[in-house]
Amino acid sequence: MEDLFLHSNDDKLLPQNLCDPALLKALRDSLSELKLPRARNDKSLARFCFQAASLLFCTACSSYKLYKVKMKPLSVLVIDEAAQLKECESAIPLQLPGLAHSILIGDEWQLQATVQSNVSNEAGFGRSLFPRLTTLVHSKHPLDIQYRMHPLISCLPNACFYNNKILDAADVKHTSYERHYLP
C-alpha cells in the first residue's frame, strides 16, 4: 500500500491497481492486524477508540464521562481557556485517575468565569482556578509576544491591561500584513 500511494508517479495507475485482488487481500490482511472491533454498534467503537487513544479532546464539563470508560490512565491534562472556567468546573478533569501534570492555559485579563447568581458570585464560586493558584505561589508564564492583531489594534489592550509589556510579532508589523475591516 505504501508503495502504491506514496511512490507511484502515475496517478492514472491508481484506480486500476486498487482493483487488483492481491492488493485487496493485502489490505484486508493488514486491517485485520489492527484488531478493530467486529461489532458495528457505536458503544463498541467508542470503547475501542478510548482504549487506543493517546490524546483526548473534550470540554471540562463533559470529561466526567471519562470516569466510566475503561482506558489507560491519562498522565497529562491540558486545560485551554482556563481563566474562563470556574474553579469547581476545573475540579472535574483534575480528579481523573493517574494525572501527574496539569497545564492551565488562559489569560485572566480576557473573558473571565461567569456566574449568573449574585449570591454565588459573592461566595467566590465565579472564581477560576488561576487566582487560587496565584495565591498559592504557583508561577505564571505569561506570553510576551502577540501574533494576531495589527499593532494599531493591539496598542489599546496592551496599554490598558498588560502595562505595554506585550510585543508585536514581526509578521503583524510587516507592511504586507493585511488589515481586513468589516464593511
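Author: Happy to! One term before we start: a salt bridge here is a side-chain nitrogen of Lys or Arg within 4 Å of a carboxyl oxygen of Asp or Glu. Please also keep in mind that this is a predicted model.

Reader: Got it. Which residues are linked in a network of salt bridges?

Author: Glu87, Arg127 and Arg132 are linked that way. Glu87 pairs with Arg127, with their closest N and O atoms 3.3 Å apart. Glu87 sits in helix H5 (residues 87-94), while Arg127 is in the loop between helix H6 (118-122) and helix H7 (129-135), so this pair ties together parts that are 40 residues apart in sequence.

Reader: And how far is N to O in the salt bridge of Glu87 and Arg132?

Author: That one comes out at 2.1 Å, N to O. The pair links distant parts of the chain, with Glu87 in helix H5 and Arg132 in helix H7, 45 residues apart.

Reader: Is Glu87 buried or exposed?

Author: Glu87 is buried, at a relative accessible area of 17%. Its two partners count as partly exposed: Arg127 has 31% relative accessibility, and Arg132 has 35%.

Reader: How many salt bridges does the count come to?

Author: The count is four salt bridges. One of them joins the side chains of Glu89 and Lys86, at 3.5 Å from N to O. Glu89 and Lys86 are both buried.

Reader: Where does Lys86 lie, and what does Lys86 touch?

Author: Lys86 is in the loop between strand E1 (76-79) and H5. Leaving aside residues up to four places away in sequence, Lys86 touches Ala113, Thr114, Val115, Phe125, Gly126, Arg127 and Ser128. For Thr114 there is a further detail: its backbone oxygen lies 3.3 Å from a polar atom of the Lys86 side chain.

Reader: Nice, that helps. Changing topic: how many disulfides are there?

Author: The count is zero disulfides.

Reader: What about rings? How many aromatic pairs does a search of the whole structure find?

Author: The search finds one aromatic pair. Phe161 and Tyr162 form it, in an edge-to-face arrangement with 6.5 Å centre to centre and 70 degrees between the planes. Phe161 counts as partly exposed, at 39% relative accessibility.

Reader: Let's zoom out. What does the secondary structure come to?

Author: Nine helices and four strands. Starting from the N terminus, the elements run α-α-α-α-β-α-β-α-α-β-α-β-α.

Reader: And what share of the residues is buried?

Author: Buried residues account for 17% of the 183 residues in the protein. The accessible surface comes to about 14900 Å², and 59% of that belongs to carbon and sulfur atoms.

Reader: Last one: among contacts between residues at least 6 apart in sequence, what share joins residues at least 24 apart?

Author: That share is 53%.

Terms used:
Residues are numbered from 1 along each chain as its sequence is written. This is a predicted model: local features need pLDDT of at least 70, side-chain atom pairs count only at pLDDT 80 or more; totals for chains, interfaces and linings use all residues. Side-chain values use heavy atoms; hydrogens and water are left out. A disulfide is a pair of cysteine sulfur atoms within 2.5 Å. Buried means under 20% relative accessible area, exposed over 50%, partly exposed in between (1.4 Å probe, protein chains only). Helices (H or I, at least four residues) and strands (E, at least two) are DSSP runs, numbered from the N terminus. A polar contact is a pair of N or O atoms within 3.5 Å; within protein, one must be able to donate a hydrogen and the other to accept it, and residues adjacent in sequence count only if both atoms are side-chain atoms. Contact means heavy atoms within 4.5 Å. Rings of Phe, Tyr and Trp (its six-membered ring) pair if their centres lie within 6.5 Å; planes under 30 degrees apart count as stacked, over 60 as edge-to-face and the rest as tilted. Accessible areas come from the Shrake-Rupley method with a 1.4 Å probe; for residues, only the protein chains shown count as cover.
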